[in-house]
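Dear colleague,

I am passing on the structure below, and I would be glad if you kept it open while you read the notes that follow it.

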Amino acid sequence: QVRLVESGGGAVQAGGSLRLSCVASGLTFSDYAMGWFRQAAGKERELVASIRYTGDTTYYSDSVKGRFTISRDNAKNTVDLRMNALKPEDTAVYYCAAMTRPTGAYAIVGWGLGTQVTVST
């Protein structure tokens, strides 16, 4: 049974930084791409960052490119999202996900429960 547990969310002022972490269990972590999605109130869930199973290639949505950094540690079964220069529009629930591939026609193997990020002006 895949289990993903996020941590590190919270409230921050615009321009600040947060680091989200996700610990995975119940799967061979190094076999899967990992992604961070977010869902703002009243909006659809969107993929904001993903990383190949080897960790050597990363992908970002245009809205976070240059501000967010995704990384993984296959020895610890963790994936992190470092978020800098946060904006109020980054406010959302952030979800960690295990994916069959980092982009394109991926399937989700498992979801975390999410962690709230709130950015105030």
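Strand 4 (residues 33-39) and strand 9 (residues 92-99) run antiparallel and are joined by 7 bridges, where strands are DSSP runs of E with at least two residues, numbered from the N terminus, and two strands pair if DSSP finds at least two bridges between them. Within this pairing, Phe-37 has Tyr-95 of strand 9 as its bridge partner. This is a predicted model, in which local features need pLDDT of at least 70 and side-chain atom pairs count only at pLDDT 80 or more, while totals for chains, interfaces and linings use all residues. Residues are numbered from 1 along each chain as its sequence is written, and side-chain values use heavy atoms, with hydrogens and water left out.

Strand 9 also pairs with strand 11 (residues 115-120) in the antiparallel sense over 3 bridges, and here Ala-92 is partnered by Val-117. A further 3 bridges join strand 9 to strand 10 (residues 108-111), again antiparallel, with Trp-111 as the bridge partner of Ala-97.

Most residues other than glycine have a negative phi. Asn-77, in the loop between strand 7 (68-73) and strand 8 (78-83), has a positive phi near 60°, and Asn-77 is partly exposed at 23% relative accessible area. Ala-85, in the loop between strand 8 and strand 9, has a positive phi of about 50° and is partly exposed at 37%.

Methods: Helices (H or I, at least four residues) and strands (E, at least two) are DSSP runs, numbered from the N terminus. Buried means under 20% relative accessible area, exposed over 50%, partly exposed in between (1.4 Å probe, protein chains only).
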